[in-house]
Amino acid sequence: MEIQEITEAIRRFRDERDWKQYHHPKDLAMALSIEAAEVLELFRFKSTSQIDTEMPKLKEALGHELADCLYFILLMASDCGIDMKQALEQKMAENAKKYPVELCRGKNLKYTEL
Ligand SMILES: [Mg+2]
């Protein structure tokens, strides 16, 4: 499915349930933040090696939480009139300028420190 199709399916799911009344951009931003915290919760108190070992077991729950994040990202973008495909393409182009491969390959520095 393309982003537009996914967004339409999400909107249809929401609108069939008459939930738009609860979806001011402020509420959607809070929901997105909560879902992102649920991603973190899966890794809470675990070392990176534990996470690596347990990833096959965590994968399904992680997918669910990432899907919850995507749900709110696409819903909020749609409600705010943002074309996420265009926004992502624009952001990737900006990042490519900020982080030229020849300057940043293998380095984890912020672009201002390159
Ligand atoms: Mg969730």
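Select Phe45 first: this residue follows α2 and has a positive phi, near 65°. Helices, as named here, are DSSP runs of H or I with at least four residues, numbered from the N terminus. The model is predicted, so local features need pLDDT of at least 70 and side-chain atom pairs count only at pLDDT 80 or more, whereas totals for chains, interfaces and linings use all residues. Residues are numbered from 1 along each chain as its sequence is written, and side-chain values use heavy atoms, with hydrogens and water left out.

Next, select residues 25-43, helix α2. Its 19 residues should span 27 Å at 1.5 Å a residue, and the end C-alpha atoms are 28 Å apart, which agrees; the expected span is 1.5 Å times one less than the number of residues. Within α2, colour Leu28, Ala31, Glu35, Val39 and Leu42, which are buried (buried means under 20% relative accessible area, exposed over 50%, partly exposed in between, with a 1.4 Å probe and protein chains only). Viewed down the axis of α2, its buried residues fall within an arc of 90°, so they line one face of the helix; the arc is taken from the directions from the helix axis to the C-beta atoms. Leu40 and Glu41 are exposed on the face of α2 turned away from its buried side. Now display α3 (48-79), which is included in what covers the buried residues of α2.

Move to helix α1 (residues 3-16) and select Thr7. Thr7 counts as buried, at 7% relative accessibility. Apart from neighbours within four places in sequence, Thr7 is in contact with Leu74 and Ser78 (contact means heavy atoms within 4.5 Å).

Then select Arg11, Arg14, Asp15 and Asp79, which are linked in a network of salt bridges (a side-chain nitrogen of Lys or Arg within 4 Å of a carboxyl oxygen of Asp or Glu). Arg14 is buried, with a relative accessible area of 0%. Its salt bridge with Asp15 has the closest N and O atoms 2.8 Å apart, and Asp15 is partly exposed at 39%. Arg14 also meets Asp79 in a salt bridge of 2.9 Å, N to O. That pair links distant parts of the chain, with Asp79 in helix α3 and Arg14 in helix α1, 65 residues apart. Asp79 is partly exposed at 24% relative accessibility. The structure holds seven salt bridges; another to display joins Lys26 and Asp27, at 3.4 Å, N to O.

Finish at Leu114, in the segment after α5 (101-104). Leu114 is partly exposed, with a relative accessible area of 34%.

Technical notes. Helices (H or I, at least four residues) and strands (E, at least two) are DSSP runs, numbered from the N terminus.
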